[in-house]
Amino acid sequence: MTRGGRALTALHLLLVWAAMALAIPALGFGLLMAAWGSGAAAAAPVLLLGVALTMGLLVAVGVSARPVVPMCSSPPRRLGWAAVVFVLGTLGVLAGLAAYGGDVDMGTATTRVALTGLPYAVAAALFVPSGWVRLGAVAALMAGVLYAGIVGPAYAQQRRHEAEIAMYQERAELLYLATTPPGMRLHHAYLGPADFTVEYRPLQHTEPGYAHLTIRSSPTPVLRCPEVPRENETCTVDAAGDLRLVRDLAEGPGITLVRRHGNAEVEVFSQALDEAGLRTLLSTLRPLSETELEDLLRERRIDNGR
């Protein structure tokens with residue numbers, strides 16, 4: 001290909017890209033407005049008109065490519081070229097929209113508009129009788145597939161993970177763990193609007209029993225028993241300020257201990273642990289580390305209830 005041919009090819013592909021970068025967003029906006037104002041039925045005429053105008057624009061762009069694109073040498077062949085470029089390019093745009101809907105980063109609004117014309121330019125490049133131009137088109141296509149199918153989703157997943165970590169860390173004053181009781185495992189954790197609950201269960205799924213650790217925001221500086229105790233419930237506050245609550249349940253006594261911890265209060269409850277085991281939970285309280293938080297998220301053992 002001569003220098004003039006290379007320049008004309010570059011101009012041709014640039015014109016295809018520019019024309020479609022303007023026409024396709026306009027067509028999409030028109031469809032959106034028509035469907036929003038009058039429903040899907042009103043969008044059909046807009047779609048037909050938009051496709052016809054876009055095809056006409058591609059045919060007009062193809063006139064300048066007659067010296068370098070054989071399919072643009074006559075009006076009938078130019079119409080066929082425009083139809084194939086439109087179909088292939090639209091498939092590329094739809095694939096990009098699917099990737100964008102999957103939270104793949106496509107840059108700013110301006111960048112996304114510019115990218116709209118790229119699939120059509122790649123499709124047009126496939127009709128240029130030059131091995132290097134077609135090789136470049138295939139390379140661009142493969143790069144797009146690689147980004148939209150592998151790199152972009154992985155990056156999007158990483159961004160979602162980092163955002164989730166940051167969201168939990170906003171409530172760092174509630175995120176605490178205790179040493180897991182012997183014979184138990186951390187089963188699940190729940191972050192609520194004003195509390196964080198950790199549930200411990202036996203290592204063997206068939207064994208009964210559990211223990212709950214709850215850290216909640218509390219404006220009350222001193223723990224007090226209820227003025228009117230519930231039936232089958234005994235409440236005391238010891239000299240250290242810890243509240244002890246014993247409920248007589250059908251399956252045995254349930255013990256709850258509550259202790260102040262900074263601006264929060266910590267509650268532990270179990271029917272499987274005795275009071276000494278519950279106090280061990282309280283005494284081994286520690287902040288949830290970022291590594292532990294990432295492990296819980298990866299294993300889907302923590303939920304955000306906000």
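Val84, Val87, Leu88, Leu91, Leu94, Leu97, Leu126, Val138 and Met142 form a nonpolar patch on the surface. A patch takes residues with over 30% relative accessible area and no salt bridge; nonpolar side chains (Val, Leu, Ile, Met, Phe, Trp, Tyr) are joined within 5 Å, like charges within 9 Å.

This is a predicted model: local features need pLDDT of at least 70, side-chain atom pairs count only at pLDDT 80 or more, and totals for chains, interfaces and linings use all residues. Residues are numbered from 1 along each chain as its sequence is written, and side-chain values use heavy atoms, with hydrogens and water left out.

Which helices each supply at least two residues of the nonpolar patch? They are α3 (75-101) and α6 (131-169). Helix α3 gives the most, with six residues. Helices (H or I, at least four residues) and strands (E, at least two) are DSSP runs, numbered from the N terminus. Valine 87 sits in α3. Valine 87 counts as partly exposed because its relative accessibility is 46%. The cut-offs are simple: buried is under 20% relative accessible area, exposed is over 50%, and partly exposed lies in between (1.4 Å probe, protein chains only).

Stay with α3. Proline 75 lies in this helix. Its relative accessible area is 56%, so proline 75 is exposed. From proline 75 to valine 113 is 38 residues in sequence and 29 Å in space, C-alpha to C-alpha. Glycine 96 is also placed in α3. At 25% relative accessibility, glycine 96 is partly exposed. Its C-alpha atom is separated by 60 Å from that of arginine 224, 128 residues apart along the chain.

Two or more lining residues come from each of α1 (3-38), α3, α4 (109-116), α5 (118-125) and α6. Helix α3 provides the largest share, 12 residues. By type, the lining divides into 27 nonpolar, seven polar and one charged. Here Ala, Val, Leu, Ile, Met, Phe, Trp, Tyr, Cys and Pro count as nonpolar, Asp, Glu, Lys and Arg as charged, and the others, Gly among them, as polar.

A pocket is an open set of points on a 1 Å grid over the protein atoms alone, where a 1.4 Å probe fits, with protein on both sides within 12 Å along at least five of seven lines; lining residues have an atom within 4 Å of a point. Points are joined across faces, edges and corners, and the volume is the space filled by probe spheres set on them.

Helix α5 deserves a look of its own. Seven of its eight residues are buried, so α5 is largely enclosed by the rest of the structure. The buried ones are Pro119, Tyr120, Ala121, Val122, Ala123, Ala124 and Ala125.

The second largest pocket has about 180 Å³ of space. Gln157, Arg160, His161, Glu164, Leu297, Arg298, Arg300, Ile302 and Asp303 line it. Helix α6 gives the most, with four residues. At least two each come from α6, α8 (290-298) and β10 (302-304). This lining divides into two nonpolar, two polar and five charged residues.

Arginine 300 belongs to the loop between α8 and β10. It has a positive phi of about 55° and is not a glycine. Most residues other than glycine have a negative phi. Arginine 300 is exposed because its relative accessible area is 70%.

Finally, the charged pairs. The whole structure has 13 salt bridges. Each puts a side-chain nitrogen of Lys or Arg within 4 Å of a carboxyl oxygen of Asp or Glu. Glutamate 299 pairs with arginine 301, their closest N and O atoms being 2.4 Å apart. Glutamate 299 is partly exposed at 40%, and arginine 301 is partly exposed at 25%. Elsewhere, salt bridges that share partners join Asp238, Asp242, Arg244, Arg259, Glu275 and Arg279 into one network. Within it, aspartate 238 meets arginine 279 at 3.5 Å, N to O. This pair links distant parts of the chain, 41 residues apart: aspartate 238 in the loop between β5 (233-237) and β6 (243-249), arginine 279 in helix α7 (residues 275-283).

How values were computed:
Areas by Shrake-Rupley, 256 points an atom, 1.4 Å probe, with all protein chains shown as cover.
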